[in-house]
Amino acid sequence: MRNIRTYADIKAARAAGELTSAEEKLITSSKLGRVCRFAYGPHPNPPTIGADLLRYLITGGCEGCVVHDLGVQLAGAYVPEVLDLDYARAKGTTTLDHCHFEQKIYAHYCHFNTLSLEGSALQQGLTAQGAVIVGNVFLRNGFSAKGCVDFNSTKIGGQLDCEAGQIEVTDGNALNAQNAQITGNVFLSEGFSAKGRVTLSGAKISGQLACEGGRFDAEKGAALHLQNTQAAYFFWRDVTEISGGLDLNGAHFDTLTDDPESWERVTDLSLIGLTYTHITNPGDTAKRVAWLGKGDRSNGEFSPQPYTQLAKVLRDMGHDHGARQVLLAKEERLAQAEKLRSLDRIAALKAEHAKPAFRKKSQQAQQNGQVELAKLQEEKFFTTLWSGTLRRLVGYGYKPRLIFYWTGGIILAMAVLSSLTYRLGGMVPNAPVVLLSDEWGRAVIEFNPAEAWLATDAGQHYETFCAFAYAADVFIPLVPLGQEVAWAPTTATRLGTVLWVLNWLVKLAGWFISALGAAAIAGVIRRE
């Protein structure tokens, strides 16, 4: 088996007839800086190029065979052996387009200026862990690999272009660019297809990460890992298919460009810790809330962070109403999560009490256990009550206008009841001097004493009863309207007694609702 490392090896191989015409052409083209092209696309019988010669030329040759500064530019060849470029330094560009590599390409910690495998087929994949590529990496336009393409911890000074490329593995990572540093863009778009995990966790991308028109398929776990990934732009729209999860935990993007349909295709979404500063299309807030609802849990635990993040961005963009809707949804989810946690704790404690070991404990220990259970149930009851009150009265502080609906509704109901009580004789002047007067004594025998007394000369100058004003006077604290001072329900009638009791309840409700509304409007309740 030949092993070309020097020009002397080339001459020996030539003398032994081991150097093919295709290899001679490649040597000549590489020395002259020309493209050595055997085909303009996939070829059924491409000429064979030895991996040893290819490595020799990629690394610049030697004094007897100096490769041009443009480097190796090969197209349409077949390489049957392992191409070992570990720790090598390529001269010029490394262009191996539309080639077929039967074995894996190894390029650990290799230094490339540019690496192009456009349209090439890699039967065993590529490993370039820790490599440094000064310029671009092209794995596009028909590129295919049936093994992992590994750029773990690689530094790429240009872009990683996988547009219309296809990678397939039976298990594990299809494309691995974990912890890579990419100065340009990453294109996993327009026909890109990965069967297996695509991992860019911890990658730092100065440009955009585009997944438009991409297809991601993983049998187990997340199809696309972007945990702690950083990029200036993230395009998640027009995604053709994603079978598996999308992990965005801890990722950061300056700008997020997406569409609802692409998110709907994700069955398992993780958004915990995802941050972004701008959304190109905020869209319908309800759809945004549904998007957050798909990814707001980690290990079954609810996290409010995705909601506060979206609300912050919407507010910075001037969408204050949308931000309030998102924060309201957050509070509702928090309340639900707290309720579920309480139910789980109570269920666990009940299960513990049902065990025979608990019955064998001392009486004091059993009593302590019962007290603990009672405290948990009491805590759950009051927490649920308070949460429900805040949600219905002020929308957890994000819908303070609800206070006005409640105020109007209570005043209207009280006005109807007050008017009915007045018409049925259950309202009397709230003045002892009137009630002790002869005129009132004569009017009290009437069906409606108040109406009869107001018809007298003395009653003509008294405060006229107004049901709405009376109801508002009872409900609204600190702002006397004069009606409650002038009129009061009498316990001499059944309806008057009911109104007298309701007056106290409505007063308490008025104080509570007014204080709650003031707090909501002032932003005291709002936890932003």
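The accessibility classes rest on a 1.4 Å probe and protein chains only: buried means under 20% relative accessible area, exposed over 50%, and partly exposed in between. Trp500, at 41%, is partly exposed. Both tryptophans belong to helix α16 (residues 494–522), where they are four residues apart, about one turn of the helix. Helices are DSSP runs of H or I with at least four residues, strands are runs of E with at least two, and both are numbered from the N terminus. In an α-helix there are 3.6 residues a turn, so residues three or four places apart point the same way.

This is a predicted model, in which local features need pLDDT of at least 70 and side-chain atom pairs count only at pLDDT 80 or more, while totals for chains, interfaces and linings use all residues. Residues are numbered from 1 along each chain as its sequence is written, and side-chain values use heavy atoms, with hydrogens and water left out.

## Aromatic pairs

The structure holds 18 aromatic pairs. Rings of Phe, Tyr and Trp (its six-membered ring) pair if their centres lie within 6.5 Å; planes under 30 degrees apart count as stacked, over 60 as edge-to-face and the rest as tilted. One of the pairs is that of Tyr422 and Phe465, which is stacked, with 4.6 Å from centre to centre and 10 degrees between the planes. Because Tyr422 lies in helix α10 (residues 402–423) and Phe465 in the loop between α13 (449–454) and α14, this pair ties together parts that are 43 residues apart in sequence. Tyr422 is buried at 9% relative accessible area, and Phe465 is likewise buried at 11%. The pair of Trp500 and Trp504 is edge-to-face, because the ring centres are 6.5 Å apart and the planes stand at 80 degrees.

## Aromatic cluster and charges over rings

One aromatic cluster is formed by Phe192, Phe216, Phe234, Trp236, Phe253, Trp263, Tyr276 and Trp291. The charged end of Arg288 sits over the ring of Trp291, 5.1 Å from its centre. For this contact, NZ of Lys or CZ of Arg must be within 6 Å of the ring centre and within 35 degrees of the ring normal. The charged end of Arg140 sits over the ring of Phe138, with 4.1 Å to the ring centre.

## Helix α14

Helix α14 (residues 467–475) is largely enclosed by the rest of the structure, because seven of its nine residues are buried. These buried residues are Ala467, Tyr470, Ala471, Ala472, Asp473, Val474 and Phe475.

## Cysteines

The structure holds zero disulfides, a disulfide being a pair of cysteine sulfur atoms within 2.5 Å. For Cys211, the nearest cysteine sulfur is that of Cys162, 10 Å away. Cys211 is buried, at 0% relative accessible area, whereas Cys466 is partly exposed at 35%.

## Positive phi in two loops

Most residues other than glycine have a negative phi. Asp238 is not a glycine, yet has a positive phi of about 55 degrees. The residue is in the loop between β26 (230–236) and β27 (241–247), and Asp238 is exposed at 53% relative accessible area.

Asn299, also not a glycine, has a positive phi of about 55 degrees. The loop that holds Asn299 runs between β31 (297–298) and β32 (301–302), and Asn299 is exposed at 81% relative accessibility.
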